Amino acid sequence: MHTTQQISAAGRSLRHRAEGGFSTLIQGLFYVVLLWMCFGLIYDIGGAVLASTRLRSAAFLAAQDGAKMVDTLHYQRFQEWRLSQRAVSRAMQVFDAATQGMNANAYVAVVTQGRRDMVVVTARAPVRMRILGNFGVPDIELRADAFAELTYGISGEGQ
């Protein structure tokens with residue numbers, strides 16, 4: 001026959017084993033949630049960096065392409081290089097084509113500084129935090145600014 005001390009010791013041992021399994025389960029769940037958050041951080045921040053690079057490249061490309069629209073009639077009359085009226089619309093076309101699929105907006109203008117014309121592109125795009133948004137991280141808005149001076153010459157490449 002078992003004594004009361006032996007029975008209570010066996011009960012404590014069983015209870016200790018059950019509690020040890022429960023704490024291991026809680027610890028495992030904690031690590032799974034932590035791993036999921038790390039994955040979300042990598043996924044969302046990587047997507048934001050990719051979108052930022054794409055937005056910046058589109059803005060630079062639009063500014064450079066718009067700066068290639070030289071007003072040849074103005075040059076023939078006044079011997080002065082100026083951008084044509086088509087520079088803004090061309091820059092917007094290039095920006096829209098480069099940011100297809102993104103919810104991006106751009107402001108494009110031709111600015112004259114002294115005797116030089118410049119195309120200015122200011123672009124914005126929201127980036128949705130797909131995984132971290134579930135944990136309360138808000139969406140972010142990206143911004144890119146690009147400038148390009150009027151280009152002329154045989155090659156007509158951007159400067």
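The following paragraphs lead through the structure from its overall plan to single residues. This is a predicted model, in which local features need pLDDT of at least 70 and side-chain atom pairs count only at pLDDT 80 or more, while totals for chains, interfaces and linings use all residues. Residues are numbered from 1 along each chain as its sequence is written, and side-chain values use heavy atoms, with hydrogens and water left out.

The protein has three helices and three strands, where helices (H or I, at least four residues) and strands (E, at least two) are DSSP runs numbered from the N terminus. Along the sequence these elements follow the pattern α-α-α-β-β-β.

The strands form an open sheet with the order β1-β2-β3 and antiparallel pairing, two strands being counted as paired if DSSP finds at least two bridges between them. At the edges of this sheet are β1 (105–113) and β3 (140–149), each of which pairs on one side only. From one strand to the next, the twist averages 15 degrees. Between β1 and strand β2 (residues 116–127), the antiparallel pairing runs over nine bridges, and Ala106 stands opposite Ala123 in β2. Helix α3 (residues 86–98) packs on the sheet, where this helix touches β1 and β2, and its direction makes about 150 degrees with that of β1; axes here are lines fitted to C-alpha atoms, for helices over the stretch in contact, and angles run from 0 to 180 degrees between N-to-C directions.

Turning to burial, 30% of the 159 residues of the protein count as buried, a term that means under 20% relative accessible area, with exposed meaning over 50% and partly exposed in between (1.4 Å probe, protein chains only). His74, which lies in helix α2 (residues 72–78), counts as buried because its relative accessibility is 19%. Leaving aside neighbours within four places in sequence, His74 is in contact with Gln79, Glu80 and Arg82, contact meaning heavy atoms within 4.5 Å.

Phe39 lies in helix α1 (residues 4–66), and because its relative accessibility is 41%, Phe39 counts as partly exposed.
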